[in-house]
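Dear colleague,

Please find below the structure that I am handing over to you. My findings follow directly after it.

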Amino acid sequence: PNAKVEMKSWNYGIQNPRAFYNFDSLGRRMNGNELKFPRKKYALFMGCSVTLGVLVDDKQTLPSIVERLDTTYRAYNYGVSGYGTHHVLAMLQNRNLRSEISEQDGIGFYVFFPGHINRAIGDMDSYLSWNSEGPFYYLDGDKVVHRKNFKEGRKLISRFYEFFSTTYICKYFDIHLPGKLRSHHQHFGAKLIEQAYREYQRQFGNDKFYVVLLPGWGNDIKPYLEEAHIKYLDYNRLLPYWQDKYSFQGDGHPRPLCYKVIAEQLDKDALR
């Protein structure tokens, strides 16, 4: 809360432009816009570092640009670096966002890319890096169940990851478990999103909730979202994401121009 951060980063030995982050009293990234009159509606953004807007200034993030494009909406940035689908669900289950947003009507966006599912299943890479304390969810039939965190809630798999990652075989063959995402992983991710959608409905009393599928990362989760009757905006082919003008090379996070194009499309497809 109330933090001010100066971000310095390099790609291939070349320093990126310095970025400055400012957070409000609730830990939400500020948009840097001067709102000269009250807004009638809210635009709630949830997700990971892409939503937060790492490597760019406050006024260059997706929520900030949306707020300037459509003066009907006040945008709220609830993005957190490293978040996955499981974190978004846990936030909606354990935090009263309704009490933190003054506008009564609005829309919710969950900005998604496939790595969120890797984090939600607690794959070996994310578990060993930062995700061991992440909330552990699993399916009991079709029911989403929460049990502690990955370290304590599924001890056998977690201990195996800790051991296997130190072995010669793992290092020599560069093994990353469980490997490529399968259909049951996509189904699991969609079930978590469906539960997050239900929590959003419970708090805000409307069904205006969209999953935004980011450009350049694929859209394999689409049929599973359709099966769960979750609205989505498929921007996978909206722009050539991996070009240098749209994303930071060697890092993969969006540049300001990418956020601008997505914001303009969101304004056309959902807000207006």
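Histidine 86 is buried, with a relative accessible area of 0% (buried means under 20% relative accessible area, exposed over 50%, partly exposed in between, with a 1.4 Å probe and protein chains only). The model is a predicted one, in which local features need pLDDT of at least 70 and side-chain atom pairs count only at pLDDT 80 or more, while totals for chains, interfaces and linings use all residues. Residues are numbered from 1 along each chain as its sequence is written, and side-chain values use heavy atoms, with hydrogens and water left out.

Histidine 86 belongs to helix H3 (residues 85–94); helices (H or I, at least four residues) and strands (E, at least two) are DSSP runs, numbered from the N terminus. Helix H3 is mostly covered, with eight of its 10 residues buried, among them His87, Val88 and Leu89. The side chain of histidine 86 forms a polar contact of 3.1 Å with that of asparagine 131 (a pair of N or O atoms within 3.5 Å; within protein, one must be able to donate a hydrogen and the other to accept it, and residues adjacent in sequence count only if both atoms are side-chain atoms). Beyond its neighbours within four places in sequence, histidine 86 is in contact (heavy atoms within 4.5 Å) with residues including Arg119, Tyr137, Phe150 and Leu192.

Helix H5 (residues 124–131) packs against helix H7 (residues 155–164) at an angle of about 90°, the axes being 10 Å apart. Axes are lines fitted to C-alpha atoms, for helices over the stretch in contact, and angles run from 0 to 180 degrees between N-to-C directions. H5 and H7 are therefore roughly perpendicular to each other (angles of 65 to 115 degrees; under 35 counts as roughly parallel, over 145 as roughly antiparallel and the rest as oblique). Met124, Tyr127 and Leu128 of H5 meet Ser158, Arg159, Tyr161, Glu162 and Phe164 of H7.

Five strands form an open sheet with parallel pairing, in the order S6-S5-S7-S10-S11; two strands pair if DSSP finds at least two bridges between them. Strands S6 (73–77) and S11 (232–234) stand at the edges with a single partner strand each, so one side of each is left without a neighbour in the sheet. Strand S7 (residues 105–112) is joined to strand S10 (residues 209–213) by five bridges, and valine 111 stands opposite valine 212 in S10. Helix H11 (residues 256–271) lies across S5, S6, S7, S10 and S11, at about 130° to S7.

Yours sincerely
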